[in-house]
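Biologist: I am new to this structure and would like to get to know it. Could we walk through it together, one question at a time?

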Amino acid sequence: MWTLADKSLESRLLLGTARYPSPAVLQDAITAAGSQVITVSLRRESAQENNSSSRRFWDYLRDSKALILPNTAGCHSVKEAIVTAHMARELFNTNWIKLEVIGNDDTLQPDPFATVEAARILCSEGFEVFPYTTDDLIVAEKLRDVGCRIIMPWGAPIGSGQGLRNIEALAAMRRRLPELTLIVDAGIGAPS
């Protein structure tokens with residue numbers, strides 16, 4: 001058992017919902033993983049679309065009984081991330097938001113300045129912000145200082161599958177920020 005943003009959970013695996021070949025494969029993955037938290041990008045799917053594939057996607061998410069962690073994937077500015085977070089809160093009836101503000105389209109590296117500013121605004125508006133960031137300790141401290149209780153440092157760049165590239169930086173973050181929940185995200189290849 002562990003606590004994530006005041007929720008008691010058994011599984012420590014957060015499962016993404018992107019890039020599955022079909023809603024049925026996604027449903028099988030959610031079931032097999034046993035994850036109690038699944039992330040959903042509002043930019044990848046539209047809850048209002050009328051096509052059957054999109055309806056099945058949203059039905060599977062609801063049927064999974066997992067907690068939904070909407071994210072702002074694809075946002076490139078503070079304003080865009082905040083608008084997306086507000087839409088997510090309305091659509092999913094949750095104050096949880098995985099904050100992603102991309103600074104570089106090639107590497108998908110987060111923009112640390114925009115991420116901290118968006119986190120500051122969203123925390124002040126009552127969101128539980130799960131910021132996606134690099135493994136930079138100073139950025140993590142700034143995110144903590146604006147109200148984040150959870151930090152999601154990357155293991156490696158998104159989609160690289162390189163595994164943990166800087167274990168020392170992650171260990172330093174753990175030592176220096178013991179009060180925060182750290183969730184290593186991106187580039188890890190496989191949860192194992």
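Modeller: Gladly! This is a predicted model.

Biologist: Which residues of helix 4 are buried?

Modeller: Buried means under 20% relative accessible area. In helix 4, the residues that count as buried are Ala114, Thr115, Val116, Ala118, Ala119, Ile121, Leu122 and Cys123.

Biologist: And how far apart are the end C-alpha atoms of helix 4?

Modeller: Helix 4 runs over residues 112-124, which makes 13 residues.

Biologist: Let us turn to helix 1. Where around the axis do its buried residues lie?

Modeller: Helix 1 covers residues 23-33, and its buried residues are Pro23, Leu26, Ala29 and Ile30. They cover an arc of only 115 degrees around the axis, so they lie on the same side of helix 1.

Biologist: Which residues are exposed on the other side of helix 1?

Modeller: Exposed means over 50% relative accessible area. On the other side of helix 1, the exposed residues are Asp28, Thr31 and Ala32.

Biologist: What is the phi of Asp6?

Modeller: Most residues other than glycine have a negative phi. Asp6 sits in the loop between strand 1 (2-4) and strand 2 (7-9). Its phi is positive, although Asp6 is not a glycine, with a value near 70 degrees.

Biologist: Asn93 has a positive phi too, near 55 degrees. Is Asn93 buried or exposed?

Modeller: Asn93 lies in the loop between helix 3 (78-92) and strand 6 (96-99). Its relative accessible area is 72%, and the cut-off is over 50%. Asn93 is therefore exposed.

Biologist: How many salt bridges are there in the whole structure?

Modeller: A salt bridge needs a side-chain nitrogen of Lys or Arg within 4 Å of a carboxyl oxygen of Asp or Glu. With a search of the whole structure, the number found is eight.

Biologist: Arg149 forms a salt bridge with Asp6. How many residues apart in sequence are the parts that this pair ties together?

Modeller: The closest N and O atoms of Arg149 and Asp6 are 3.2 Å apart. Arg149 lies in the loop between helix 5 and strand 8 (150-153), while Asp6 is in the loop between strand 1 and strand 2. The pair therefore ties together parts whose separation in sequence is 143 residues.

Biologist: Which residues are linked with Arg149 in a network of salt bridges?

Modeller: Arg149, which is partly exposed at 36% relative accessibility, also forms a salt bridge with Glu128, with the closest N and O atoms 2.5 Å apart. Glu128 is in strand 7, 21 residues apart from Arg149. The network links Arg149 with Asp6 and Glu128.

Biologist: Arg176 and Glu141 also meet in a salt bridge. Which helices does this pair tie together?

Modeller: The N to O distance of Arg176 and Glu141 is 3.1 Å. They are 35 residues apart in sequence, with Arg176 and Glu141 lying respectively in helix 6 and helix 5.

Biologist: Last one: which residues make the nonpolar surface patch of about 320 Å²?

Modeller: One of them, Ile167, lies in helix 6 (residues 167-176). The patch is made by Leu164, Ile167, Val184 and Ile188.

How values were computed: Residues numbered from 1 in each chain as written. Predicted model: local features only at pLDDT ≥ 70, side-chain atom pairs only at ≥ 80, totals over all residues. Heavy atoms only, no water. Patch = residues over 30% accessible without salt bridge, like charges linked within 9 Å, V, L, I, M, F, W, Y side chains within 5 Å. Areas by Shrake-Rupley, 256 points an atom, 1.4 Å probe, with all protein chains shown as cover. Helix = DSSP H or I, 4+ residues; strand = E, 2+ residues; numbered from the N terminus. Buried < 20%, exposed > 50% of the residue type's maximum accessible area, 1.4 Å probe, protein only. Arc of directions from axis to C-beta. Expected span 1.5 Å × (residues − 1).
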